Amino acid sequence: NSLRFNGANQYLSITPGSAGNRRTFTISCWLKVQPEASSRAIISTGDNSGTNDYVYFTSADKIKFSFATESSGDVQFDPIFRDPAAWYHFVFAVDTTQGTAANRVKGYQNGVQMTVSNNSYPSQNYDTAFNNTVVQRIGARSYSATQYYDGYMADFVLVDGSQLTPSSFGEENDNGVWIPIQYSGSYGTNGFFLKFQQTGTSQNSSGIG
């Protein structure tokens, strides 16, 4: 139940018909990455460079959450991800209404919160391009269809309206290994769950959606 992106010209795309919660949301996904000497988008939103908020791997194999309309709105997480054999679970939990800046963007890897090396958090009540009526792409930059993701994705979830913790999506088994669990909460207005359960391009359980 995974989807392989070729790093050259493949991505998923949707444009919501109505706006959801642009300040509070959670992204959860399992990734198997290929180390690269270039940036690669995990999920990206916005239809031009001035409104493009996105999560991506840097050329140094770190993850950065970038907020385009904020002059210093970049949160880069410290860990480096270069093991092409490993499945990593990531959760990115956003709530820009939080008064404490460090609580506005949180990133987790295999259930553990990641530290950040530059913490230019978005301003309070910042309206992101996520859950807005603009193009949203998985596996490429949204407005230019560049920075293609190279590797596998599985269990890709976006929850519109809630800032969640990893326990909503995973747990440790008896051997202390982090494993996926079925998310059972609300997805909100523009949330989704991509199972990648079948072949084909239909946006339902008979295809990749």
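Me: Is Tyr183 buried or exposed?
Reply: This is a predicted model, in which local features need pLDDT of at least 70, side-chain atom pairs count only at pLDDT 80 or more, and totals for chains, interfaces and linings use all residues. Residues are numbered from 1 along each chain as its sequence is written, and side-chain values use heavy atoms, with hydrogens and water left out. Buried means under 20% relative accessible area, exposed over 50% and partly exposed in between, with a 1.4 Å probe and protein chains only. Tyr183 has a relative accessible area of 11%, so this residue is buried.

Me: At what relative accessibility does Phe169 stand?
Reply: The cut-off for buried is under 20%. Phe169 counts as buried because its relative accessibility is 4%.

Me: How many aromatic pairs does a search of the whole structure find?
Reply: Rings of Phe, Tyr and Trp (its six-membered ring) pair if their centres lie within 6.5 Å; planes under 30 degrees apart count as stacked, over 60 as edge-to-face and the rest as tilted. Searching the whole structure on that basis gives 19.

Me: Are the rings of Phe57 and Phe81 stacked or edge-to-face?
Reply: Phe57 counts as buried at 0% relative accessibility, and Phe81 counts as buried at 3%. Their ring centres are 6.4 Å apart and the planes stand at 80°, so the pair is edge-to-face.

Me: Which residue lies over the face of Tyr152 at 5.4 Å from the ring centre?
Reply: A charge sits over a ring if NZ of Lys or CZ of Arg is within 6 Å of the ring centre and within 35 degrees of the ring normal. Lys32 lies over the face of Tyr152 at 5.8 Å from the ring centre. The residue at 5.4 Å is Arg4.

Me: Which phenylalanines is Phe156 in contact with, leaving aside its neighbours within four places in sequence?
Reply: Contact means heavy atoms within 4.5 Å. With those neighbours set aside, Phe156 touches residues including Ile27, Cys29 and Ile138.
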